[in-house]
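Student: I would like to learn how to read aromatic pairs and helix packing in a model. Please take me through them.

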Amino acid sequence: MRDVVLTSLEDMKAVEPMVLDVRGKTGITDIMVVASGNSGRHVKAIAARVVEDAKDRGLRPLGVEGEESAEWVLVDLGDVVVHVMVPKMRDLYRLERIWGIDESEDSIPPTGDLQA
């Protein structure tokens, strides 16, 4: 599913996607994907594409939150949770830091090899 999400993000021109391996750090999910959109409209379109592509592969999202404001949309796919935000929200919340992950530690670049 991670690869499906990354393809969706790439197709929709998401900005700076980052894959965070949070196994052992939370029971919520194994993988978090964080990306930005250029505007609320772009964020909403990116999230909608992730949902559509997941459904096309037989995976119905467990939940989608934040579509109304479209500043931060969360798509819960179970083992993968996707956060799509406008840049100001991403800068404010800095999820990479909240999870105690920096680029030299457990983060995985989008092209990293991880079984989803």
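The dialogue below takes up the ring pair, then the helix contact.

Tutor: This is a predicted model, where local features need pLDDT of at least 70, side-chain atom pairs count only at pLDDT 80 or more, and totals for chains, interfaces and linings use all residues. Residues are numbered from 1 along each chain as its sequence is written, and side-chain values use heavy atoms, with hydrogens and water left out.

Student: How is a pair of aromatic rings described?

Tutor: By the distance of the centres and the angle of the planes. Rings of Phe, Tyr and Trp (its six-membered ring) pair if their centres lie within 6.5 Å; planes under 30 degrees apart are stacked, over 60 edge-to-face, and the rest tilted. The count here is one aromatic pair. Trp-72 and Tyr-93 form this tilted pair, at 5.0 Å centre to centre and 50° between the planes.

Student: Which parts does the pair tie together?

Tutor: Trp-72 is in strand S4 (residues 72–76) and Tyr-93 in helix H3 (residues 87–93), so the pair links parts 21 residues apart in sequence. Helices (H or I, at least four residues) and strands (E, at least two) are DSSP runs, numbered from the N terminus.

Student: At what angle do helices H1 and H2 pack?

Tutor: Axes are lines fitted to C-alpha atoms, for helices over the stretch in contact, and angles run from 0 to 180 degrees between N-to-C directions. Helix H1 (residues 2–11) and helix H2 (residues 40–56) pack at about 140°, with axes 9 Å apart. H1 is therefore oblique to H2 (under 35 degrees is roughly parallel, over 145 roughly antiparallel, 65 to 115 roughly perpendicular, the rest oblique).

Student: Which residues of H1 meet H2?

Tutor: Val-4, Val-5, Ser-8, Leu-9 and Asp-11 in H1 meet Ile-46, Arg-49, Val-50, Asp-53 and Ala-54 in H2, where contact means heavy atoms within 4.5 Å.
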